[in-house]
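Please look through the notes below with the structure open beside you.

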Amino acid sequence: MSQNEQQYLDLAKTILETGTHKSDRTGTGTRSLFGAQMRFNLQEGFPILTTKKVFFGLIKSELLWFLRGDNNIRFLLQNNNHIWDEWAFKNWVTSSEYTGPDMTDFGLRAQSDPEFNQIYQEQKSLFVDKILNDDDFMEKFGYIGEVYGKLWRDWENQDPMDQNATLHTDQIQNLIDGIKTTPDSRRLIVSAWNAGSTPNAPLPSCHVLSQFYVADGKLSAQLYQRSADIFLGVPFNIASYSLLIHMIAAQTGYAVGDFVHTLGDAHIYNNHVAQIETQLSRPMHPLPKLWLNPEVKSIFDYTMDDIKLIDYTSEPAIKAPVAV
Ligand SMILES: Nc1nc(=O)c2c([nH]1)NC[C@@H]1CN(c3ccc(C(=O)N[C@@H](CCC(=O)O)C(=O)O)cc3)CN21
Ligand SMILES: O=c1ccn([C@H]2C[C@H](O)[C@@H](COP(=O)(O)O)O2)c(=O)[nH]1
């Protein structure tokens with residue numbers, strides 16, 4: 001039995017049983033707990049859930065997208081990954097250039113009104129087609145703002161020594177260099193929260209700050225996640241950061257240690273309760289292993305085919321609506 005997965009199931013159960021009923025930005029309603037921590041020992045196996053199928057391809061393409069420094073959804077769409085569509089779509093339908101059917105509150109209305117849902121799905125697939133095929137449209141409406149990828153690879157700020165110069169910081173390259181040259185450092189930090197610009201993004205970064213740590217020949221990391229959708233987002237976040245630790249460990253010559261996952265507002269949406277109860281009633285399977293192509297010599301050169309899960313068996317996927 002995997003202690004790694006058990007912690008997730010225990011946290012979900014605690015939130016179901018003791019969480020505060022709390023309204024939220026999306027209008028869905030949640031049960032919420034403030035402050036929680038899980039620790040995944042990456043030596044135990046790769047911590048992807050086995051009590052439901054988690055689509056690892058989506059996790060890989062999202063992480064490669066962050067590592068490209070990309071904050072335009074075209075790359076995701078090219079990889080058949082639609083997990084960010086709604087937030088770029090929201091920008092489009094609230095812009096003055098959108099003249100189609102009214103999309104106010106599309107996330108909630110699509111769940112309760114089948115007729116509207118059909119119109120919404122049509123508009124979304126037109127949007128996706130245009131992001132993929134129309135460069136001008138993609139440049140205007142494909143971006144999700146100053147979050148993750150952009151801040152990881154190209155954090156811009158004014159040079160304090162020269163008013164007319166802008167500094168560009170590659171936090172991931174600095175992190176790799178830092179781990180190689182000063183592994184004892186307590187400053188191995190990646191931030192995805194620029195207080196000036198991030199709050200204006202369609203969805204301000206949820207995984208806000210991570211710290212890396214080297215001891216006993218092993219690389220660990222801790223993530224502070226300000227807001228955590230326990231059923232849909234957190235399984236992705238656990239696998240994504242675990243994959244990132246493996247990739248950075250491979251590039252810096254360390255074994256993998258722990259992924260420590262610290263959550264702020266940890267919530268289960270009211271329309272995920274039945275799904276999580278189903279999941280809690282299921283058996284666990286042994287955790288898979290991760291394979292990374294050892295020929296890859298830079299963190300920025302991994303492709304989809306260089307990353308594989310070995311022996312992933314799980315219970316079937318469970319569908320749930322995402323709160324927009
Ligand atoms: N409410 C909410 N929860 C999130 O987890 C979340 C957001 N919003 N907004 C931005 C990103 C996008 N993320 C998402 C979005 C959707 C799924 C999702 O629907 N996952 C399905 C599979 C989807 C598919 O096959 O395309 C799942 O079963 O895991 C997961 C993560 C994580 N984030
Ligand atoms: O990586 C992610 C991204 C998003 N989420 C969830 C957490 C919340 O349910 C929403 C964001 O809503 P806010 O009102 O901005 O907090 O998305 C996640 O769990 N993981």
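1. Asn80 counts as exposed because 9 other C-beta atoms lie within 10 Å of its own, where a residue is called buried if 20 or more other C-beta atoms lie within 10 Å, exposed if 12 or fewer, and partly exposed in between, with C-beta atoms placed from the backbone. Asn80 sits in the loop between helix H3 (74–78) and H4; helices (H or I, at least four residues) and strands (E, at least two) are DSSP runs, numbered from the N terminus. The phi of Asn80 is near 60 degrees, a positive value in a residue other than glycine.

2. Before reading further, please note that this is a predicted model, in which local features need pLDDT of at least 70 and side-chain atom pairs count only at pLDDT 80 or more, while totals for chains, interfaces and linings use all residues. Residues are numbered from 1 along each chain as its sequence is written, and chains are lettered from A and ligands numbered from 1 in the order in which they are written.

3. Asp216 also deserves a look, since with 8 C-beta neighbours inside 10 Å it counts as exposed. Asp216 is placed in the loop between strand E6 (207–215) and E7, and it has a positive phi of about 55 degrees although it is not a glycine.

4. Turning to the whole chain, the secondary structure of the protein comes to 11 helices and 10 strands, and 36% of its 324 residues count as buried. The C-alpha trace spans about 60 × 60 × 35 Å along its principal axes. The radius of gyration is 20 Å, which agrees with the value near 20 Å that a compact globule of 324 residues would have; this radius is taken over C-alpha atoms, and the globule rule is 2.2 Å times the number of residues to the power 0.38.

5. Which parts is the protein divided into? There is domain 1 (3–71 + 145–310) and domain 2 (73–144), with bounds that come from an automatic or database domain assignment. The C-alpha centres of domain 1 and domain 2 lie 25 Å apart, and 15 residues of domain 1 are in contact with 13 residues of domain 2, contact meaning that the C-beta atoms of two residues, placed from the backbone, lie within 7 Å. The side of domain 1 that touches domain 2 has seven nonpolar, five polar and three charged residues; here Ala, Val, Leu, Ile, Met, Phe, Trp, Tyr, Cys and Pro count as nonpolar, Asp, Glu, Lys and Arg as charged, and the others, Gly among them, as polar.

6. Of the 13 residues around ligand 1, Ile83, Asp229, Leu232, Gly233 and Ala323 come nearest, a residue being near a molecule if its C-beta atom, placed from the backbone, lies within 6 Å of it. By class, the shell around ligand 1 holds 10 nonpolar, two polar and one charged.

7. The shell around ligand 2 includes Arg25, His207, Asp229, Asn237 and Ala323, and it divides into six nonpolar, four polar and two charged residues. Strand E7 (218–229) and helix H10 (233–252) each supply at least two residues of this shell.

8. For "binding site", an unreviewed UniProt entry lists Asp229 and Ala323; such annotations may be inferred rather than shown by experiment. Although spread over 95 residues of sequence, these positions cluster in space, with a largest C-alpha distance of 9.1 Å.

9. Are Asp229 and Ala323 buried or exposed? Asp229, placed in strand E7, counts as buried because it has 23 C-beta neighbours inside 10 Å. Ala323, in the segment after strand E10 (307–310), likewise counts as buried, with 23 C-beta neighbours inside 10 Å. Leaving aside neighbours within four places in sequence, Asp229 is in contact with Val234, His267 and Tyr269, while Ala323 touches Thr26, Thr28, Gly107 and Tyr269.

10. Finally, Tyr98 is found in the loop between helix H4 (85–93) and helix H5 (106–112), and it counts as partly exposed because it has 16 C-beta neighbours inside 10 Å. The C-alpha atoms of Tyr98 and Leu209, 111 residues apart along the chain, are separated by 35 Å.
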